[in-house]
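Hi everyone, thanks for coming. Let's have the structure up on the screen, and then I'll walk you through a few spots in it.

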Amino acid sequence: MPVSRASGVDRRLFLTSLLGVTAAAAGLSGCAESSAAAGSEGASTAPLADKVPAGTSLKIASYQNVQQLQFKLAKLPDPPFKVSSWLNIGAGPDVINAFRAKSLDVANNAGIPPIQAHYQGFDAKIVAINITRKPNYLFATKPGSDIRSIADFKGRKLAFSQGQAQGVVLLRALKKAGLAYDDVDLVPLTSNQFLTALQSGQVDIAPLGNTQAPAYLAQYESKGARTISTDVVDLLNLLWAPVSVLNDRAKAAAVAAYIPQWAQGQVWQYEHPDVWNEEFYVKTQNLTLPQARAVTALANKPLFPPSWTEAIAWEQETADLLAEGGFVKKFDVGALFDHRFEGIAAASVPAEYRK
């Protein structure tokens, strides 16, 4: 089925088509600011419990089972709570839907999904931050394309996911290249549709993760596909949770206990690239060992800031960028951070991994 293109005022309708929410949920976007603000007023400021109460459980997102594999390989101790389910879920729109359905308690995403959740009127908070300093994404062209630089994006069809990291990377790249939103055709898709859209020629360009690019080029480089690198960074890799979860004293304590393991798992992965290449990229992602090593060479060193000042500033810039394009309404992103958890991740890792 061909994908439709969106421009002008249609961008404000992206949210509904991208997230696949019901009509009732989509209607929330019209009152997002008042709804989210009201929810924020109800967010708990009570001190976190020192101990996780017995019988507490969490439903945790683990896209491609990364968290379980990290914890297993790193031989981390069992958490002081029960993981009632690990959900193989990663895309921001899917996470928001799972939060709404109460089938998920905590998730790992980039900075843009919390902004989208606020825009929809769903109240959730960021509880942990990992700063990324190197690009995690590049741009891939469709087979047979003559595009060779971001300047060549003008007038082309670009895969755009408003609710995911790939979306903000694209918007920041366009801004840096001096291209206005109306200079391109933004095609509303979610990231799991990008490869199909590229392969079929329905879009000219799509942002792909560094881990996706080797397999795509292996199949289509001989047919004229290529990648275009960008120095645009998606700064935030974060944990977040619904306010309803964080207002539950037992679950909030469990989230606080999960954060150190989340941080330590990433540190272990960074420090053991050879093992990770074999156990994850080769065995579960079907990359060759040379491809895996090429991906790992681009990996970011985990950095967990004791202070969230830089993260908040970057998140505000992102929200303002989306507001400039009419994708969301302007708001103060300070409402997205639960400072009770600030510093927990940093305190759980060696000094070299503290920003």
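Let's start with a side chain: a polar atom of the Ser161 side chain sits 3.5 Å from the backbone oxygen of Leu189. Ser161 itself is in the loop between β6 (157–160) and α7 (165–176); helices (H or I, at least four residues) and strands (E, at least two) are DSSP runs, numbered from the N terminus. Is Ser161 buried or exposed? With a relative accessible area of 1%, Ser161 is buried, where buried means under 20% relative accessible area, with a 1.4 Å probe and protein chains only.

A quick word on the ground rules. This is a predicted model, where local features need pLDDT of at least 70 and side-chain atom pairs count only at pLDDT 80 or more, while totals for chains, interfaces and linings use all residues. Residues are numbered from 1 along each chain as its sequence is written, and side-chain values use heavy atoms, leaving out hydrogens and water.

Next stop, Ile228, in strand β9 (residues 227–228). Ile228 counts as buried because its relative accessibility is 7%. Leaving aside residues up to four places away in sequence, its contacts (heavy atoms within 4.5 Å) include Leu138, Phe139, Ile150, Phe153 and Ile205.

Now over to helix α5, residues 92–100: its buried residues are Gly92, Pro93, Val95, Ile96, Ala98 and Phe99. After α5 comes Lys102, with a positive phi near 60 degrees.

Zooming out, the protein has 15 helices and ten strands, and 54% of its 355 residues count as buried.

Terms used:
Buried < 20%, exposed > 50% of the residue type's maximum accessible area, 1.4 Å probe, protein only. Polar contact = N/O pair within 3.5 Å; in protein donor to acceptor, adjacent residues only side chain to side chain.
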